[in-house]
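Please look over the sequence and the structure before reading on.

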Amino acid sequence: MNQKSSQLDLENQENIAQSKIVAKNGHVKGIFITGATRGIGLSLAQIYLKQNYLVGTCARQTSEEAFTEFSEEIQNYRKNHKFFIYQADVRDLSSLQLALEQFTKLAKLEILVANAGIAFQQKKAWPQFKISHEIIDVNIHGLLNTFEAGLDIFKQQNFGHLVAMSSLAGYLGLPGVSAYAASKAFIRYYCESLSLDLSQHNIFVTSICPGYVKTNLTKKNGHYMPFLVSADKAA
Ligand SMILES: NC(=O)c1ccc[n+]([C@@H]2O[C@H](COP(=O)([O-])OP(=O)(O)OC[C@H]3O[C@@H](n4cnc5c(N)ncnc54)[C@H](OP(=O)(O)O)[C@@H]3O)[C@@H](O)[C@H]2O)c1
């Protein structure tokens with residue numbers, strides 16, 4: 001956890017308390033999206049910012065140089081204390097818990113989106129197990145950590161919406177993406193079961209399955225990507 005960036009965010013609490021985005025029922029609506037420093041997560045963040053949500057995100061890289069996809073509009077949301085960035089790796093439960101703890105001092109967490117994910121297109125037919133382990137660590141263990149951290153909060157407030165980014169790749173096995181496709185299938189089935197368990201607690205669970213989206217993640221794909229859409233369109 002980057003204490004400096006968290007400190008900066010905490011210093012803005014006063015401004016937030018006085019901000020005009022207090023919802024009708026008296027609380028500041030909050031959504032936390034992991035991995036919203038670029039790609040689909042960033043486009044999603046933009047949509048919720050426009051709907052007067054306070055948006056929090058986390059990523060491994062939180063230096064300004066990493067924010068190459070930030071528009072002027074996004075920078076303004078940051079300046080106006082509506083978009084908060086924490087340094088946390090989804091593989092590390094305690095860093096996520098700390099980020100969420102700080103964010104929920106500013107807003108009521110209504111929605112938590114486990115969006116952070118990685119992919120590798122393996123060029124060799126023989127499996128590269130090191131890469132497969134990395135994908136499982138981020139896409140599966142990272143998701144479990146995100147949900148665990150979020151559910152601690154949702155349980156206390158008796159409501160919340162967990163969302164996870166699966167993929168069309170979770171529906172079928174394709175060459176070169178065995179671990180990625182398997183990780184996305186896990187997310188789909190996990191969310192489906194969890195939604196049955198948690199709806200009685202007023203907690204809702206949704207998985208989203210985008211097709212090909214033009215982001216950093218697909219930039220290195222050397223093959224034709226049918227129905228490729230922009231991140232804004234996907235969000
Ligand atoms: N693009 C597609 O075609 C497509 C299609 C279907 C589903 N998806 C899914 O959609 C999600 C977003 O993908 P994207 O295309 O927007 O990817 P992207 O542009 O590469 O963005 C990924 C985001 O996740 C963060 N991230 C990666 N590993 C992390 C970790 N260990 N801890 C915290 N943050 C981490 C990245 O920041 P840092 O690198 O700084 O940590 C970045 O903010 C992924 O789950 C992906 O599998 C994408």
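## Basis and overall make-up

Helices (H or I, at least four residues) and strands (E, at least two) are DSSP runs, numbered from the N terminus. The model is predicted, and local features need pLDDT of at least 70, side-chain atom pairs count only at pLDDT 80 or more, while totals for chains, interfaces and linings use all residues. Residue numbers start from 1 along each chain as its sequence is written.

The protein chain has nine helices and eight strands. Of its 235 residues, 36% are buried, that is, 20 or more other C-beta atoms lie within 10 Å of their own, with 12 or fewer for exposed, partly exposed in between, and C-beta atoms placed from the backbone.

## Strand S8

Ser230 is found in strand S8 (residues 229-230). Ser230 counts as exposed because it has 12 C-beta neighbours inside 10 Å.

## Ligand shell

Around the ligand are 31 residues, of which Gly35, Gly39, Arg60, Gly117 and Thr215 come nearest.

At least two shell residues each come from helix H3 (39-50), strand S2 (54-59), helix H6 (129-157) and helix H8 (216-219).

Note on methods:
Near = placed C-beta within 6 Å.
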